Amino acid sequence: MNKQIRSGALIAIMFLLVTVIAPAQSAVQSSQPDQELLDNAAFKKGEELYSHLKLKEAVEQYREAARQLPNNAKVYERLGAALAGIEDYEAAITEEQTALKLDPKYFLPHVILGQIYSNQDKTEIALDEFKQAVALKPTSFRALLDLGYAYTHLGKLDEAIATYKKAMEIKPEDPTPHLNLGVVYSQKQEYDMAIKEEEKAIEINKNIPEAYINLGNAYADTDKTDKAIEQYKKALKLAPSHPNAISSLGWMYEKQDEYKSAVIEQRKALKICPGFSPAHRRLAASLEKLGQMSEAKTEFEEALKLTPQDVTAIVQYAALLEKTGKTAEAMEQYKKALTINPEVQEAKDGIARLSKK
């Protein structure tokens, strides 16, 4: 069966986009003078509100600052960042574009635009914005991390590796480049390198649960189940309610044929995070092993509703349909898997089997 989606790895990359650029950066990064911002009460109040994640209130203060300082790019950059934080993306894009018209050399609007487009799954457009940000400021750690994310998401893994290594040179004391390099090496199936990078991330900061999850995933993909379980449990000591760690632990119980324990862990993960697709898929697999076909079918369908491009779920769902005699539906799912990834051998084998019937 296909390697399961490395959901821990994905989260390790995706969390970089959760927080829009920190307020403290805005007053020092543009090519424009900043004294007028330092003297502007509305802007200073907006920064204070933003720092406490009171984004709607920050938007109002930034709008007032923009009224008072209509030619200052940083005001519009901050306004766009706050709007992005409340997911008013169209308005945020407009403000960031205004900032760039006022100051074309200002790199932060490109970063924020890239993050917005990433959150809208417009990764190709995001990649271009991150590239422009790095071109304007090659030493921006933030921009390099986000550029690495975009490369990874688009499957440009060698480019991602080179980008994260540049970020590592800028901030060798930060574990994030190592954390994400481990993700990329796992995707390239270079597991020794993945393990090395995650261990380096842990050496720098032992309190990041995602590093243990990613390390566990690398062990899981090399069938070192006991070592994987050890790492997932370490993650859970740091974050007892981490749905990914809980689900990954359940996945290992499934690999050990402990299906009832696996079901318990997946249900626990879904209680915390009902939209966590890998837990639905893994729950379905264990329910199938327990002979609970109807329940398994429901969970596969929920997983695919959340992540329609999950080839692992599609192939496993197709196998379940085949097993329960729904050959036409199974054939449809196998073909769907191949449209997403033409190299999926399980789908090819399934189609060959069904074609003989």
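Where is the place of aspartate 121? Select it and you land in the loop between helix H7 (108-119) and helix H8 (123-136); helices here are DSSP runs of H or I with at least four residues, strands are E runs of at least two, and both are numbered from the N terminus.

Before going on, a word on the model. It is a predicted one, where local features need pLDDT of at least 70 and side-chain atom pairs count only at pLDDT 80 or more, while totals for chains, interfaces and linings use all residues. Residues are numbered from 1 along each chain as its sequence is written, and side-chain values use heavy atoms, with hydrogens and water left out.

Stay on aspartate 121 and check its backbone: phi is positive, about 60°, although the residue is not a glycine. At 62% relative accessibility, aspartate 121 counts as exposed (exposed is over 50% relative accessible area, buried under 20%, partly exposed in between, with a 1.4 Å probe and protein chains only).

Next, jump to glutamine 189, in the loop between helix H11 (176-187) and helix H12 (191-204). Its phi is near 60°, again a positive value in a residue other than glycine, and glutamine 189 is exposed, at 52% relative accessible area.

Now for a helix pair: show H15 (residues 243-255) and H16 (residues 259-272), whose axes come within 8 Å and cross at roughly 165°. The axes are lines fitted to C-alpha atoms over the stretch in contact, with angles from 0 to 180 degrees between N-to-C directions. H15 and H16 are therefore roughly antiparallel (over 145 degrees; under 35 is roughly parallel, 65 to 115 roughly perpendicular, the rest oblique). To see who meets whom, colour the contacts, meaning heavy atoms within 4.5 Å: H15 residues including Ile246, Leu249 and Trp251 meet H16 residues including Tyr259, Ala262 and Ile272.

Then select tyrosine 317, which sits in helix H19 (residues 311-323). Tyrosine 317 is buried, with a relative accessible area of 7%. Leaving aside neighbours within four places in sequence, its contacts are Lys297, Phe300, Glu301, Leu304 and Gln333. Draw a C-alpha to C-alpha distance to glutamate 301 and you get 7.9 Å, for residues 16 apart in sequence.

Finally, zoom out. The protein has 21 helices and zero strands, and its C-alpha atoms fill a box of roughly 75 × 45 × 35 Å along the principal axes. Of its 357 residues, 55% count as buried. Among contacts with a separation of 6 or more, 54% come from residues 24 or more positions apart.
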